[in-house]
Amino acid sequence: MFELLIAPFYEFAFMQRALIGCIAVSVSAAPVGVFLMLRRMSLTGDAMAHAILPGAAVGYLVAGLSIEAMTLGGIVAGCLVAMLSGLVSRFTQTAEDSSMAAFYLISLAAGVMIISASGSQVDLLHVLFGSALALNDAALYLLAGICTITLITLAFLFRPLVVECMDSQFLQSVSRLSTIAHLCFLVLVVLNLVGGFNALGTLMSVGMMILPPALSRYWVKGLDALIAVSCIVAVLACYFGLLVSFHAGWPTSPAIILVLGAAYSFSLVFGMNGGIVSRLSKPKHLSA
Amino acid sequence: MVLRRMGCHLGLIMLDFDNVTLGYELHPAVHHLSLNVPKGSLLALVGPNGAGKSTLLKGIMGQLSPLDGSISLNGIERAAIAYLPQQNQVDRSFPITVQEMVALGVWGQIGAFGRLRSQHKRQVQSALKQLGLQGFEQRLIGSLSGGQMQRVLFARLLVQQAELILLDEPFTGIDSRTTHDLIHLIQAWHRAGKTIIAVLHDYDQVRQYFPTCLLLSRQPICYGPTADVLTAENLLRARQLNEAFDEHAAFCAHD
């Protein structure tokens, strides 16, 4: 048992680093994902991941495979797209989903143009799937830093964010924080996507944001509980995903996402809140 | 103009509309409105659909800037107005409890970051009690009926302790018992000297409970004591004036 569950992390430094990095991503991306889900913006996470790619690619062109340059490029591109689409939807007739789609497509196209015009090839597989088993110090500091910023910002903006999600008309009537809360939240989404994709690839960073909140809704109802369960599920998935990847020799990020996918499927069938089984079995209703 | 002078002698003025035109894409929805709303008014805003009633409330809230003229608030901040929009767009699937929802009413006192103190909790408890929501504190808003949800929103308004309260069709789709309770609350606010403006469609309700009335049909038709405003003649004029939105309307020569 020890051999199977503990030893890989006990014996190999790269496994420890991978676990620490993944835990940082989990604790940070999952709460952001809960808000994304509650605002029905889950697919926005996916769109933002595309928006980040070109910025990272430009960083790669300028400085090579340097985590600082790629991160900076990704953050700039992502924030630009997030801010522009957020502002455009606030101050014109366009809805946020269509302005977001417009800007991320422009960003993606511009990125592809820049890369092909310069004639070099970015290692796309690295960008998609990252390198969780080869996290260096810089990458770990980056992940820990983004996790810290995310948690502090969420704690600070918790109330405006909740009200902005649930009843933005009320927030607008009592406070000027509505637009600020919305934009800060989009920046958090970008930061987490950028942090995640360096370590784990875009697939992984989006997956960590979307899957844990989606499955936790099958088990708990309250907001606090949703956030807590999402974080725990994400951390557990990282642990088991890394183990599977270690023992079977499979790539890490897909392994982690597949563990989450399995947990999601299980919740879909057996979840207490609206899972398929709970819908089929009709319990006796209460008297009042 | 008679309209403009209305209310001036009744004491302190809460709201002053000076030749206000509000609209969308330059088409006026409220046209050249000049009048005062005295402090402590219980004012019903009536008129046909598309008469600009909701638009006027949005204008007061500053969510829509006037195309022309100005709206001035006397003695209060915009953030101190309690506003219940039409067909409230609350996301009912959001996991928040009745108690938390009502507690949002203290936002004006503690802001986005302040702590909920014991006096605020007492305020919330008393509002819940006044609206007959005891026992619902820990229920999620998604599990409430339409009438119960409206009670929750009124409880939040109550906690806001605003001096000016704007209600946009507060009783649409609400049963008579809940409506009756909510009107009681509005009357209590009125007795406490608060200024209330409510968009309403039920003329009998307006005649019974609202001492003053503004009949609007893009332009003000009549403003004053309800019995003088809601005459058959005025209502007919309001209907006739509520002409269609003309895509090719010329610029207004009124100014």
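**Figure 1. B:His32 in a strand of chain B.** B:His32 lies in strand E2 of chain B, which covers residues 27-38. The model shown here and in the other figures is predicted. The phi angle of B:His32 is near 45 degrees, a positive value in a residue other than glycine. Most residues other than glycine have a negative phi.

**Figure 2. A:Arg40 in a loop of chain A.** A:Arg40 sits in the loop between helix H3 (13-38) and helix H4 (42-63) of chain A. The phi of A:Arg40 is near 55 degrees, which is positive although the residue is not glycine. A:Arg40 has 12 other C-beta atoms within 10 Å and is therefore exposed, since 12 or fewer is the cut-off for that class.

**Figure 3. Chain A and its helices.** The secondary structure of chain A consists of 13 helices and zero strands. Read from the N terminus, the elements run α-α-α-α-α-α-α-α-α-α-α-α-α. The C-alpha trace spans about 70 × 60 × 30 Å along its principal axes. Among contacts in chain A with a separation of 6 or more, 71% are between residues 24 or more positions apart.

**Figure 4. Helices H4 and H5 of chain A.** The axes of H4(A) and helix H5 (residues 67-91) of chain A come within 7 Å and cross at roughly 145 degrees. Their crossing is right-handed. On the H4(A) side, the residues in contact include A:Met48, A:Ile52, A:Pro54, A:Val58 and A:Tyr60. On the H5(A) side, they include A:Met70, A:Leu72, A:Val76 and A:Val81. Glycines also take part, among them A:Gly55 and A:Gly59 of H4(A) and A:Gly73, A:Gly74 and A:Gly78 of H5(A). By class, the contact of H4(A) with H5(A) has 16 nonpolar, five polar and no charged residues.

**Figure 5. Helices H3 and H11 of chain A.** The axes of H3(A) and H11(A) come within 8 Å, with a crossing angle of roughly 150 degrees. How are the two helices oriented to each other? H3(A) and H11(A) are roughly antiparallel, because angles over 145 degrees fall in that class. The two helices cross in a right-handed way. H3(A) brings residues such as A:Met15, A:Leu19, A:Cys22, A:Ile23 and A:Pro31 to the contact. Those from H11(A) include A:Leu226, A:Ile227, A:Cys231, A:Tyr239 and A:Phe246. The contact of H3(A) with H11(A) has 18 nonpolar, three polar and no charged residues.

**Figure 6. Helices H11 and H12 of chain A.** Helix H11 (residues 223-248) and helix H12 (residues 252-270) of chain A have axes that come within 8 Å and cross at roughly 130 degrees. That angle makes H11(A) oblique to H12(A). H11(A) passes H12(A) in a right-handed crossing. From H11(A), the contact includes A:Val233, A:Ala237, A:Phe240, A:Gly241 and A:Val244. From H12(A), it is made by A:Thr252, A:Ala255, A:Ile256, A:Val259, A:Leu260 and A:Ala263. Which classes of residue make this contact? Eleven are nonpolar, three are polar and none is charged. A:Cys238 and A:Leu242 of H11(A) are among the residues that touch H12(A), and both are also listed in the contact of H11(A) with H3(A).

Figure 7. Chain B has ten helices and nine strands. Buried residues make up 41% of its 255 residues. Among contacts in chain B between residues at least 6 apart in sequence, 71% join residues at least 24 apart. Where the chains meet, 17 residues of chain B are in contact with 19 residues of chain A. Strand E5 (81-84) and helix H4 (107-110) of chain B each supply at least two residues of the side that touches chain A. That side of chain B has 13 nonpolar, three polar and one charged residues.

Technical notes. Residues numbered from 1 in each chain as written. Chains lettered and ligands numbered in written order. Predicted model: local features only at pLDDT ≥ 70, side-chain atom pairs only at ≥ 80, totals over all residues. Axes fitted to C-alpha atoms, helices over the stretch in contact; angles between N-to-C directions. Helix = DSSP H or I, 4+ residues; strand = E, 2+ residues; numbered from the N terminus. Parallel < 35°, antiparallel > 145°, perpendicular 65-115°, else oblique. Left-handed = near helix turned anticlockwise from the far one by under 90°. Contact = placed C-beta atoms within 7 Å. Nonpolar A, V, L, I, M, F, W, Y, C, P; charged D, E, K, R; others polar. Buried ≥ 20, exposed ≤ 12 C-beta atoms within 10 Å, placed from the backbone.
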